[in-house]
Amino acid sequence: MAAPLLEFHQVSYTYPGARHPAIAELTLAIPAGRKTAILGHNGCGKSTLLFLADGLYRRSGGVITWKGESLQYTSRALNLWRQRIGLAFQDPEQQLVAATVAEDISVVRQTDVGLVE
Ligand SMILES: Nc1ncnc2c1ncn2[C@@H]1O[C@H](COP(=O)(O)OP(=O)(O)O)[C@@H](O)[C@H]1O
Ligand SMILES: [Mg+2]
C-alpha cells in the first residue's frame with residue numbers, strides 16, 4: 001500500500017450543543033495515488049469528516065496529519081493546508097464561486113477560508 005497522505009488518529013468532533021459526538025475516536029489513513037471513496041448511511045458522519053479534513057471544523061480530540069504533518073488552526077497554517085485539500089460541496093448550488101467543481105476547487109485553493117467554530 002502507498003504511504004498515507006491524510007491520516008486521522010483518534011479524531012472526535014461534537015457539534016456545538018449536541019449530546020453525542022458526530023465523529024468519535026476515528027482512525028483512518030488515506031493513501032497517496034489512489035482514489036478513496038467513503039461510504040455510509042445518511043447521518044453517519046461523511047460530511048463532518050470532510051469538513052474536519054479541510055480544517056473548516058476544529059477537531060474536539062485526536063490528531064489530523066498530512067504526510068505526517070499535524071493540522072494547525074492558525075490562518076497561515078490553514079491557508080497552506082487548503083492548498084493541498086480542496087473541498088467541493090455536495091449541492092452544486094452551494095459551490096462557492098465557479099460553475100464547475102474543477103474551477104471551484106482551484107479558486108478555493110487560492111483563498112483564505114475561515115474556520116467554522
Ligand atoms: N450543523 C450540525 N449541527 C448539529 N448536528 C449536526 C450538524 N450537521 C450534522 N450533524 C449531525 O452529525 C451527524 C453526522 O452528520 P453528517 O456528517 O452530515 O453525515 P453524512 O454526511 O454522512 O450524512 C448526524 O447525526 C447529524 O445529524
Ligand atoms: Mg453529507
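Trainee: How many bridges pair β1 and β3?
Mentor: The two strands run antiparallel. Strands are DSSP runs of E with at least two residues, helices are runs of H or I with at least four, and both are numbered from the N terminus. Two strands pair if DSSP finds at least two bridges between them. For β1 and β3, the number of bridges is 5.

Trainee: What kind of model is this?
Mentor: Residues are numbered from 1 along each chain as its sequence is written, while chains are lettered from A and ligands numbered from 1 in the order in which they are written. Local features need pLDDT of at least 70, side-chain atom pairs count only at pLDDT 80 or more, and totals for chains, interfaces and linings use all residues, since the model is predicted.

Trainee: In what order do the strands of the sheet lie?
Mentor: The sheet is open, has 4 strands and pairs them antiparallel. At its edges sit β2 (23–31) and β4 (69–70), each pairing on one side only. Put together, the order is β2-β1-β3-β4.

Trainee: Which residue of β4 is the bridge partner of Thr 65?
Mentor: Strand β3 (residues 61–66) is joined to β4 by 2 bridges. One place to look is Trp 66, whose partner in β4 is Glu 69. For Thr 65, the partner is Ser 70.

Trainee: Which helix packs on the sheet?
Mentor: The helix touches β1 (4–13), β2 and β3, and its direction makes about 115 degrees with that of β1. Axes are lines fitted to C-alpha atoms, for helices over the stretch in contact, with angles from 0 to 180 degrees between N-to-C directions. Contact means C-beta atoms, placed from the backbone, within 7 Å. The helix, covering residues 46–53, is α1.

Trainee: Which residue in the turn between β3 and β4 has a positive phi?
Mentor: β3 and β4 make a hairpin with 2 residues between them. Most residues other than glycine have a negative phi. Here a phi of about 50 degrees belongs to Lys 67.

Trainee: Why does Gln 10 count as exposed?
Mentor: Gln 10 is in strand β1, and its phi is positive too, about 50 degrees. A residue is exposed if 12 or fewer other C-beta atoms, placed from the backbone, lie within 10 Å of its own, buried if 20 or more do, and partly exposed in between. Gln 10 counts as exposed because its C-beta neighbours inside 10 Å number 12.

Trainee: How many other C-beta atoms lie within 10 Å of Leu 28?
Mentor: Leu 28 sits in strand β2. Its C-alpha atom is 5.2 Å from that of Phe 8, 20 residues away along the chain. Leu 28 is partly exposed because the count of other C-beta atoms within 10 Å is 13.

Trainee: How many residues around ligand 1 are charged?
Mentor: The shell includes Tyr 15, Asn 42, Lys 46 and Thr 48, where a residue is near if its C-beta atom, placed from the backbone, lies within 6 Å. Ala, Val, Leu, Ile, Met, Phe, Trp, Tyr, Cys and Pro count as nonpolar, Asp, Glu, Lys and Arg as charged, and the others, Gly among them, as polar. The shell has 4 nonpolar and 6 polar residues, and the charged number is 1.

Methods
Two residues are in contact if their C-beta atoms, placed from the backbone, lie within 7 Å.
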